[in-house]
Amino acid sequence: MIGDQQSIHKQAVRKAMEHIQRCSDRPLTVRSLAAIACFSPQHFQRIFASVTGESVMDHVRQKRIERAALQLVDTDLAVAEVANSAGYRTHEAFTRAFRSVYERSPSEFRTQASLCAYHRSNADPLAWLMGEVTSLAKLSTAISIQNPEERNIAMNTLTVDHEVDAIVEEIEVLKKKLSEAQRRRPSEDMPEYLFEDWDGNSITLAELFQGRDDMILVHNMGTSCPDCTLWADGFNGFTDHLNSRATFVLVSNDKPEIQKKFAEKRGWRFRMVSSHSTSFFKDLGFEKEDGFWPAVSTFKKDATGKVSRVGRAIFWPGDEYCAIWSLLDLLDGGTKGWEPKYDYS
């Protein structure tokens with residue numbers, strides 16, 4: 001019940017904060033914001049302070065100062081007009097409030113922003129800012145640097161950082177859409193397949209679940225593929241984590257004795273079975289003209305024992321299933337043509 005109440009409070013505060021963000025140029029009072037949040041003014045003030053660590057009106061003033069900073073950068077309005085728009089009746093009061101946030105007067109801030117625009121005349125400062133308070137703070141710091149070369153370096157860094165942040169945000173949105181789309185993909189009923197374990201025993205697809213309802217099954221191209229070995233080395237470290245949520249199994253077309261010898265050499269701890277005498281790879285869509293695609297399938301098993309495939313993905317260098325590529329991309333020059341090997345000694 002306490003958790004539900006906290007969730008309700010956070011939702012109410014978020015709703016009010018969104019309204020403040022949209023309407024910081026309009027009259028805002030505790031009473032009007034409390035009405036939006038559907039609480040009494042007194043209760044709303046307590047909730048807001050508990051969730052955000054600041055008072056309602058302090059938050060309103062902060063947002064108005066942020067909006068004023070954007071106006072100083074993006075418009076020709078007089079400072080007095082910007083102050084009035086932010087709800088300040090005197091230039092002095094506005095300057096004190098502005099300086100407390102940006103450590104410089106509104107006029108100094110505008111002058112430095114103009115200097116920044118002069119040195120970077122092909123760019124729009126607001127395109128760097130995108131309404132982000134942290135970007136504003138970084139901008140005001142960068143443009144205050146006296147040495148032109150150092151100032152340009154700081155501005156270039158700020159521009160690239162903003163570009164990276166924007167791309168990361170776009171990727172996160174796309175990843176969410178991809179995940180949602182993948183879950184909408186109709187499940188596929190699976191026929192029974194017989195695999196072979198390292199002891200020469202036959203084991204069905206349903207038996208691979210080992211009493212669980214969910215299974216992650218990696219389609220590995222076997223000992224002939226250093227890339228597949230790279231992915232498997234990574235999964236080896238995740239084995240316990242993966243098995244805590246679902247049964248994790250790796251299958252390849254190598255014969256059991258070859259699998260076992262190679263797995264022992266690599267120190268792999270996850271379960272492996274062989275599909276060498278089956279059409280498993282082809283039936284699941286991971287066979288190509290000159291071989292096989294490394295991939296992953298996820299399965300579920302219902303109460304009747306029926307197995308269905310609920311997800312699938314193909315592996316390739318740079319994907320999210322092997323973390324090393326993203327780390328190498330951060331180096332100077334990126335991967336520089338790096339390719340995995342079985343042994344680096």
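In this predicted model, Tyr321 is partly exposed, with a relative accessible area of 36%, whereas Phe315 has a relative accessible area of 3% and is therefore buried, the cut-off for that class being under 20%. The rings of Phe315 and Tyr321 form an aromatic pair with a distance of 5.1 Å from centre to centre and an angle of 40 degrees between the planes, an arrangement that is classed as tilted.

Phe235 and Phe315 are both buried. Because Phe235 belongs to helix H11 (residues 226-245) while Phe315 sits in the loop between strand E10 (307-314) and helix H14 (324-329), the pair ties together parts of the structure that are 80 residues apart in sequence. Phe235, Phe315 and Tyr321 are also members of a cluster linked by ring pairs, in which Trp231, Phe248, Phe262, Trp268, Phe270 and Tyr342 take part as well. In total, 17 aromatic pairs are counted in the model.

Two or more lining residues are given by each of helix H10 (148-184), strand E4 (214-219), H11, strand E9 (295-301), E10 and H14, and the largest share, eight residues, comes from H10. When the lining is divided by class, 19 residues are nonpolar, seven are polar and eight are charged.

The largest nonpolar core contains 20 residues, and those that touch the most other members are Phe195, Leu205, Leu208, Met215, Leu217, Phe280 and Phe299. At least two residues of this core are supplied by each of E4, strand E5 (247-252), helix H13 (280-283) and E9. For Met215, when residues up to four places away in sequence are not counted, the contacts comprise Leu205, Leu208, Phe209, Ala246, Thr247, Val249, Ser297, Thr298 and Phe299. Another core, of 17 residues, lies apart from the largest one, and its members include Val218, Leu250, Trp268 and Ala313.

Terms used. Residues numbered from 1 in each chain as written. Predicted model: local features only at pLDDT ≥ 70, side-chain atom pairs only at ≥ 80, totals over all residues. Heavy atoms only, no water. Phe/Tyr/Trp six-rings, centres within 6.5 Å; stacked < 30°, edge-to-face > 60°. Helix = DSSP H or I, 4+ residues; strand = E, 2+ residues; numbered from the N terminus. Buried < 20%, exposed > 50% of the residue type's maximum accessible area, 1.4 Å probe, protein only. Nonpolar A, V, L, I, M, F, W, Y, C, P; charged D, E, K, R; others polar. Core = buried A, V, L, I, M, F, W, Y, C linked by side-chain atoms within 4.5 Å. Contact = heavy atoms within 4.5 Å.
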